[in-house]
Amino acid sequence: MSAADRDAVRAWILKTVPKLEPAQLTDDTKILKDRVITSLQIMDLILFIEARRKGSIDRTRMKPESFQSIRSICEAFFGGLDG
Amino acid sequence: MNVNRDLHALSQKLNRASERGFNNPYTSIQWPEALDPQAWQFAPEFVSLHGTPLWDALDEPARRRLAFHEACNFFSLNIHGEQELIAGLARRAYQQGDRELIAYLHHFLDEENKHMLWFGEYCMRYLGRIYPDRKLAFPREFAAGEEDLLFFAKVMVFEFIVDAYNLSMGRDERLDPLARQIHWQHHVDEARHLAFGASMVAKLKDTFFSQCDAQKQCEIRDYLHAYTEATWREYYNPDVYKDAGFEDPYGTMDAAWQHPATRAFRARIAERLDATLAELGLAAAEPA
């Protein structure tokens, strides 16, 4: 994944959760566990990821652990943070 | 769940209606080998792009092709919703001891299973698959009574929206008779489910709200508002736009979702739902 993908995921979270301070969001912030985003917002996140990848996500990757943090999202759907 | 006298009496009445309307799902619908490509499978006004420049740019065959994929999406999202519903109903069927209510939950389960059978048959026979679900459920903690309230309130939200489609398309003479019949039979059952659901939500809400603070009540209302938005999002499916030949399915989804005409459409379809939520004291931003 490129830095652009990470920045895009980060920007999506900050846009979706306006009350979240940018300094509070790191690559490892537990966005689900800490309820930064809710399960109801996951569908929007999936659609955002699909749009960025220009295609559907493999359903076997759509599991809660893939959405725990920016890092896990990038690893699951964009080839990792350093890919 | 405790059952009050009103819910017991309503269950008794609905049991009689479900028994009178009982049908064999294998014989009640005749399935043609192929669909008529000239027929509308979904009413044009209910197609997610209707009223937008994207719709205006389509010729008549492309509109009918898109309408077929929208029908498959509608039936698919109903399958996903009913899978969750059936699991939740089955889990709750014997959590209380009222035999009339238990009997009605069995009718509810039976009728939802029949709907899934019809939706699945339509999609598998004519599309070859169902459109996949993008919702994910995560385990979370609930206060006592909260999970039951949210479960039945979500069912009610989902079914109010669905039923607005069914009620209109079940009577729409332009529709292919098969699609029209599925919508109508779905509506007949859902009318009972909605009566039951609204009564159940009222009882669960009164009980839960009497035990929780204003902040929790606000959270419940906000959650239902967010759930309604998420439910609507499923009606704007990029897989549909891709299958219908759109080059940029995600851009199409965003353009359709944000267009004033589709916002107005959603507001119109949700009028009964919004009125019911307000009556129940569950509309977002309502004072505690």
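1. Let me start with a helix pair in chain B: H1(B) and H6(B) cross in a left-handed sense, meaning that the near helix is turned anticlockwise from the far one by less than a right angle, with clockwise giving a right-handed crossing. Helices here are DSSP runs of H or I with at least four residues, strands are runs of E with at least two, and both are numbered from the N terminus. By class, the contact of H1(B) with H6(B) has 7 nonpolar, 2 polar and 3 charged residues. Ala, Val, Leu, Ile, Met, Phe, Trp, Tyr, Cys and Pro count as nonpolar, Asp, Glu, Lys and Arg as charged, and the others, Gly among them, as polar.

2. A word on the source: this is a predicted model, where local features need pLDDT of at least 70, side-chain atom pairs count only at pLDDT 80 or more, and totals for chains, interfaces and linings use all residues. Residues are numbered from 1 along each chain as its sequence is written, while chains are lettered from A and ligands numbered from 1 in the order in which they are written.

3. Back to that pair, with its geometry. Helix H1 (residues 5–20) and helix H6 (residues 177–209) of chain B pack at about 170°, their axes 10 Å apart; axes are lines fitted to C-alpha atoms, for helices over the stretch in contact, and angles run from 0 to 180 degrees between N-to-C directions. Residues of H1(B) including B:Leu7, B:Leu10 and B:Leu14 meet residues of H6(B), among them B:Ala195, B:Phe196 and B:Met200; contact means C-beta atoms, placed from the backbone, within 7 Å.

4. Helix H1 (residues 3–16) and helix H2 (residues 39–53) of chain A pack at about 150°, with axes 11 Å apart, and the crossing is right-handed. On the H1(A) side you will find A:Asp5, A:Ala8, A:Trp12 and A:Thr16, which meet A:Gln41, A:Asp44, A:Leu45, A:Phe48 and A:Arg52 of H2(A). This contact divides into 4 nonpolar, 2 polar and 3 charged residues.

5. For the backbone angles, please look at two loop residues of chain A. A:Arg35, in the loop between H1 and H2 of chain A, has a positive phi near 55°. A:Lys54, in the loop between H2 and helix H3 (70–77) of chain A, has a positive phi of about 60°. Most residues other than glycine have a negative phi. A:Arg35 counts as exposed because it has 12 C-beta neighbours inside 10 Å, and A:Lys54 counts as exposed with 9; the cut-offs within 10 Å are 20 or more for buried, 12 or fewer for exposed, and partly exposed in between, with C-beta atoms placed from the backbone.

6. Chain B as a whole has 11 helices and 0 strands. Its radius of gyration is 19 Å, in agreement with the value near 19 Å of a compact globule of 288 residues; the radius is taken over C-alpha atoms, and the rule is 2.2 Å times the number of residues to the power 0.38. The C-alpha trace of chain B spans about 55 × 45 × 30 Å along its principal axes, and 37% of the 288 residues count as buried.

7. Finally, the interface: 15 residues of chain A are in contact with 13 residues of chain B. The chain A side has 9 nonpolar, 3 polar and 3 charged residues.

Notes:
Two residues are in contact if their C-beta atoms, placed from the backbone, lie within 7 Å.
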